[in-house]
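Subject: Structure for you to look at

Hello,

Here is the structure I promised to pass on. Please open it first, then read my notes below.

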Amino acid sequence: MKRLLTILTCSLVVAASPVLAQDKKAPSEAQKKQQERMAACNKQAGSKKGEERKKFMSGCLKGQATAAGPAPSAAQKAQQDKMADCNKQANLKNMKGEPRKSFMSSCLKG
């Protein structure tokens, strides 16, 4: 498996060489950020293999928190906390259906 990855990597480098030689522009900020995210996710994926690795990398690159993945940002954490609080309030009021939906909407906005 490692040998196959090495061969594929070398093939990509050889195939990309003419393209890289023509384009000497520095990567954009978005490209740098994506490269950093890819490196971090790859490191976190560790020894995961096959479908498990594929799912992990997909979620990680989308910025989703995973068991071994990055922690949510402060804004994400605040939104999650607010959602949990609104959900708890709706449960205490035994709300269901449309009234619950309306309550959750107004609770999350305010």
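Start at S105, which lies in helix α5. Helices here are DSSP runs of H or I with at least four residues, and strands are E runs of at least two, numbered from the N terminus. S105 is partly exposed, at a relative accessible area of 34%.

A word on the source. This is a predicted model, where local features need pLDDT of at least 70, side-chain atom pairs count only at pLDDT 80 or more, and totals for chains, interfaces and linings use all residues. Residues are numbered from 1 along each chain as its sequence is written, and side-chain values use heavy atoms, leaving out hydrogens and water.

Now α5 itself. It has 13 residues and reaches 19 Å from first C-alpha to last, close to the 18 Å expected at 1.5 Å a residue. (The expected span is 1.5 Å times one less than the number of residues.) R100, F103, M104 and C107 are its buried residues. They fall within an arc of 100° seen down the axis, so they line one face of α5. (The arc is taken from the directions from the helix axis to the C-beta atoms.) The face turned away carries exposed E98, K101 and K109.

What do the buried residues of α5 pack against? The partner is α4. Helix α4 covers residues 74–92 and α5 covers residues 97–109; they pack at about 145°, with axes 10 Å apart. (Axes are lines fitted to C-alpha atoms over the stretch in contact, and angles run from 0 to 180 degrees between N-to-C directions.) Contact means heavy atoms within 4.5 Å. On the α4 side, the contact residues include Q79, K82, M83 and C86. On the α5 side, R100, F103, M104, C107 and L108 take part.

Last, α3, residues 50–61. Its twelve residues should span 16 Å at 1.5 Å a residue, and its end C-alpha atoms are 17 Å apart, which agrees. F56, M57, G59 and C60 are buried. They cover an arc of only 165° around the axis, which puts them on the same side of α3. G50, K54 and K55 are exposed on the other side. The cover over the buried residues of α3 includes α2 (29–45). After α3 comes G63, with a positive phi near 85°.

Best wishes

Notes: Buried < 20%, exposed > 50% of the residue type's maximum accessible area, 1.4 Å probe, protein only.
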